Amino acid sequence: MSECLFCRIARKEIPAAVVYEDDTLLAFQDIFPQAPVHLLIIPKAHCEGLADLTPEIAAAAARIPQVAAKLAVDHGVQASGWRLLSNNGADAGQTVFHLHFHLLGGKPLGGKLCL
Ligand code: AMP
Ligand code: ZN
C-alpha cells in the first residue's frame with residue numbers, strides 16, 4: 001500500500017474534509033488554506049504530476065475543470081472569480097507528490113501566476 005499522503009486520504013485512512021467524490025476523483029479542503037476557498041482536487045489513483053499521467057488517470061484528470069467549476073458554484077465564488085492551478089516539481093513549489101489541483105477563491109488572489 002502506498003504511503004503517499006493523498007493516496008491515504010483517497011483510501012480514507014487519513015481524515016479530510018471531503019467536498020466532492022466520484023469513482024475516480026476526490027476533492028477536499030486544503031489543511032492550510034491560502035484563501036477563504038481553498039480546495040484540492042485529486043485523481044484517486046496515484047501519479048506524481050502531469051508528466052506521469054497514465055491514459056486512465058488522464059481521462060479522470062480531464063474532468064477536473066468541470067468538477068472545479070461545479071465546486072466554485074457550490075462554494076460561492078463563481079461570480080467573484082477563482083483560480084485552478086497545479087504545481088509540478090520543485091521550482092513550482094510542489095510539496096505533495098500526488099497530482100493535485102488547487103481551487104482558490106473568495107478574495108482577490110494577487111499576482112496572476114503565483115499564490
Ligand atoms: P503543493 O504545495 O502544490 O504540493 O500543495 C500541497 C497542498 O497540500 C498544500 O496546500 C498543503 O496545505 C496541502 N496539504 C498537506 N497536507 C494536507 C492534508 N493532510 N489535508 C489537506 N491538505 C493538505
Ligand atoms: Zn498518491
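Trainee: Which elements each supply at least two residues of the lining of the largest pocket?

Mentor: In this predicted model, helix 1, strand 2 and strand 3 (37-43) each do so. Helix 1 gives the most, with three residues.

Trainee: What makes a residue part of that lining?

Mentor: A lining residue must have an atom within 4 Å of a point of the pocket. The largest pocket has 23 such residues, and F6, D30, I31, L40 and V96 are the closest to its centre. About 410 Å³ of space lies in this pocket.

Trainee: How is the lining of the largest pocket divided by residue type?

Mentor: The lining comprises 13 nonpolar residues, nine polar residues and one charged residue.

Trainee: Where does ligand 1 sit?

Mentor: The space that ligand 1 takes is the largest pocket. A molecule counts as sitting in a pocket if more than half of its atoms lie within 2 Å of the grid points; ligand 1 is therefore placed in the largest pocket.

Trainee: Why is the pairing of D30 with ligand 1 called a polar contact?

Mentor: A polar side-chain atom of D30 lies 2.5 Å from an oxygen atom of the ligand. The cut-off for a pair of N or O atoms is 3.5 Å, and the pair at 2.5 Å therefore qualifies.

Trainee: What distances apply to the backbone atoms of G93 and T95?

Mentor: A polar backbone atom of G93 is 3.1 Å from an oxygen atom of ligand 1, and for a polar backbone atom of T95 the distance is 2.7 Å. Both values are within 3.5 Å, so both pairs are polar contacts. Taken alone, ligand 1 exposes 500 Å², of which the protein buries 85%.

Trainee: Which residues around ligand 1 come nearest?

Mentor: There are 16 residues around the ligand, and D30, N87, T95, H100 and H102 come nearest. In this shell, eight residues are nonpolar, seven are polar and one is charged.

Key:
Residues numbered from 1 in each chain as written. Chains lettered and ligands numbered in written order. Predicted model: local features only at pLDDT ≥ 70, side-chain atom pairs only at ≥ 80, totals over all residues. Heavy atoms only, no water. Near = heavy atom within 4 Å. Polar contact = N/O pair within 3.5 Å; in protein donor to acceptor, adjacent residues only side chain to side chain. Areas by Shrake-Rupley, 256 points an atom, 1.4 Å probe, with all protein chains shown as cover. 1 Å grid on protein atoms, 1.4 Å probe; cavity = no way out; pocket = protein on both sides within 12 Å on 5 of 7 lines; lining within 4 Å. Nonpolar A, V, L, I, M, F, W, Y, C, P; charged D, E, K, R; others polar. Points joined across faces, edges and corners; volume = space filled by probe spheres on them. Helix = DSSP H or I, 4+ residues; strand = E, 2+ residues; numbered from the N terminus.
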